[in-house]
Amino acid sequence: MTSDVVAGETPASAASDRVLIFDTTLRDGEQAPGFSMSRAQKLRMAAALADLGVDILEAGFPHASPDDFASVHGIAKSVRGTRICGLARCQFGDIESVARAIEPAEKGRIHTFLATSPLHREFKLQMSRQQVIDTAIAGVRRARELCDDVEFSAEDAIRTEPEFLAEVFSAVIEAGARTVNVPDTVGYTTPPEIAERFAWLRANVRGAEGVVFSSHCHDDLGMAVANSLAAISAGARQVECTINGIGERAGNAALEEIVMALRVRGERFGGATTGIRTQRLHAVARLLAQTTGQPIPRNKAIVGENAFAHESGIHQHGMLKHRGTYEIMRAEDVGVAKSQLVLGKHSGRHALRERLSSLGHVLDDAALDDVFTRFKLLADKKREVFDADLEALALGHDPEAAGPWRLTSLHATSHVGASASASVRLAHDDGREVSEAAIGDGPVDAVLRAVSRAVGHEFSVAEFQIRALSEGGDAQGQAAISVNHGGRELRGQAVSTDIVEAAALAVLEIANRVERITPALPTVSTANAR
Ligand code: KIV
Ligand code: ZN
């Protein structure tokens, strides 16, 4: 790994207009309940984020578990063109894990954090002010021995006494930190307050002129994006954010909203700009939604389905006369596809590759062959293949999500006024074949029971959703299921033209994940890393 700060990538001075986008979708976002991703899914998201142009990609918390370590390491090994970062508590073991995990990266960063607020010092850390300073210095020094690019975060910075925060930042800058991050860990601040805090810190921290000040806002009061923009106005030159604003509790600041606010209203934020390829925003947002099975709300700014829809007659009339009457940015600028209807059974491999690539799925030849075969099968069943169908096919190409269990046959019936019944036959990679039957409140319920009986895992269903991916009676159905198993929430999803089969495959995905990752589940509490 080389970790030199790349020219143009790190404009340390607030006088520069360029704001670094630090994406934490795969760390702060992924740790939120309902948003967990497999290793292959994180790798695919990381490739899409690099393609989007994020400057720093926080890939995970390597010391949290062997699986987290492997994800960060895998991303560092294969994702190019962006700086790969890993999170560490201010403890040598954590810091050394990050250094090992990001070792193969083209450019790497160690991000270490320690809480500084009185509440955290007294009740969580039981540390005096001096102990906090000493621990922060020791952590940053160790990190600098292992990597040139070190970021220090003062957890709960907003509720920290400003003078003490300035003391901590001055100390870590002297110890070698290049970025100092001011997290609003509990989403408590307001735009005027955060702007005032950044201006004050920049004037009172020793060595401020040589480092990047960063904001990290949570959305508990719905102000994460406004607060991040206010921080930029007051000199922050890095913002930490996530796609679709995912993150624990109410989430983190939404990347796409910050980026487009700067693009559309840059003059209100000192002319600040980013290096994001905004035309990729829509594809990446959809990729995340499909991957996690958490749909984007229709009215979500920038990437929601309604964001560029003008239903009302008055609006349409105005738009026809002049787009500017009701439109402040163009759909094309954020990559909203012009046409939804794409391919049919006569379409070729080349057209498929082109369309997938415009949707943000860049596949190698082997993956494309696999998707093309499944596309032809689907096109035989369905007359028209829509973008959402193609996305589902591309996302279905997940070698890690395949097996060990496979569904080889499924039969379900429902009867008015009586229980439904289902029988399934499953094959395991180790050669076992199991058949099971069950009755339930409906065919989907019966099939879920039959599958869990066959795989031998007790799942209690917390949430179950079926939605049509596109239009028409032959639309594919996407089943998303969330179950509680062994005290954890696990999600699975699958797509089929038959919704009962989609439900069976979704629960099978969960069963397979349980078999594959159970030994590698988190061993270290990450509760203080939000
Ligand atoms: O919200 C927070 O304080 C964090 C830090 C670990 C940066 O996520
Ligand atoms: Zn956070």
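Visitor: Let's start with helix contacts. Which residues of H9 meet which residues of H10?
Guide: On the H9 side you have Val-225, Ser-228, Leu-229 and Ile-232, and they meet Glu-257, Ile-258, Ala-261 and Leu-262 in H10. By class, the residues of that contact split into six nonpolar, one polar and one charged. Keep in mind as we go that this is a predicted model.

Visitor: Noted. At what angle do H9 and H10 pack?
Guide: The angle is about 50°, and the axes are 10 Å apart. That makes H9 oblique to H10. For orientation, H9 covers residues 224–233 and H10 covers residues 255–265.

Visitor: Is the crossing of H9 and H10 left-handed or right-handed?
Guide: Right-handed.

Visitor: OK, what about H4 and H6, at what angle do they cross?
Guide: H4 is residues 92–101 and H6 is residues 129–146; their axes cross at roughly 25° and come within 10 Å. Angles under 35 degrees count as roughly parallel, so H4 and H6 are roughly parallel to each other. The crossing where H4 passes H6 is right-handed. Phe-92, Ile-95, Glu-96 and Ala-99 make the contact from H4, with Ala-138, Gly-139, Arg-142, Ala-143 and Leu-146 from H6.

Visitor: And how do the residues of that H4 and H6 contact divide by class?
Guide: Six are nonpolar, one is polar and two are charged.

Visitor: How are H2 and H11 oriented, parallel or antiparallel?
Guide: Roughly antiparallel. The axes of H2 (residues 39–52) and H11 (residues 281–292) cross at roughly 170° and come within 10 Å. Anything over 145 degrees counts as roughly antiparallel, which is why this pair gets that label.

Visitor: Who's touching whom there, between H2 and H11?
Guide: From H2 it's Gln-41, Arg-44, Met-45, Ala-48, Leu-49 and Leu-52. They meet Leu-281, Val-284, Leu-287, Leu-288 and Thr-291 in H11. The class count for H2 with H11 is eight nonpolar, two polar and one charged.

Visitor: Switching to the metal. What are the protein donors of the zinc ion?
Guide: The zinc ion is ligand 2, and its protein donors are Asp-28 through OD, plus His-216 and His-218, each through NE2. They lie 2.0 to 2.1 Å from the zinc ion.

Visitor: What spacing do those donors follow along the chain?
Guide: The pattern is D-x187-H-x1-H.

Visitor: His-216 and His-218: buried or exposed?
Guide: Both His-216 and His-218 are buried.

Visitor: Let me zoom out. How many helices and strands are in the protein chain?
Guide: The chain has 17 helices and 16 strands. It runs to 530 residues, and buried ones make up 54% of them. If you look at contacts between residues at least 6 apart in sequence, 68% join residues at least 24 apart.

Visitor: Why does His-428 count as buried?
Guide: Its relative accessibility is 13%, and buried means under 20%.

Visitor: What about Arg-488, how far is it from Pro-33?
Guide: In sequence they're 455 residues apart, but C-alpha to C-alpha Arg-488 and Pro-33 are 9.3 Å apart. Arg-488 sits in strand S16, residues 488–496. At a relative accessible area of 25%, Arg-488 is partly exposed.

Definitions and conventions: Residues are numbered from 1 along each chain as its sequence is written. Chains are lettered from A and ligands numbered from 1 in the order in which they are written. This is a predicted model: local features need pLDDT of at least 70, side-chain atom pairs count only at pLDDT 80 or more; totals for chains, interfaces and linings use all residues. Side-chain values use heavy atoms; hydrogens and water are left out. Donors are N, O and S atoms within 2.8 Å of the metal (3.2 Å for Na, K and Ca); water is not among the atoms, so sites may look incomplete. Buried means under 20% relative accessible area, exposed over 50%, partly exposed in between (1.4 Å probe, protein chains only). Axes are lines fitted to C-alpha atoms, for helices over the stretch in contact, and angles run from 0 to 180 degrees between N-to-C directions. Helices (H or I, at least four residues) and strands (E, at least two) are DSSP runs, numbered from the N terminus. Angles under 35 degrees count as roughly parallel, over 145 as roughly antiparallel, 65 to 115 as roughly perpendicular and the rest as oblique. A crossing is left-handed if the near helix is turned anticlockwise from the far one by less than a right angle, and right-handed if clockwise. Contact means heavy atoms within 4.5 Å. Ala, Val, Leu, Ile, Met, Phe, Trp, Tyr, Cys and Pro count as nonpolar, Asp, Glu, Lys and Arg as charged, and the others, Gly among them, as polar.
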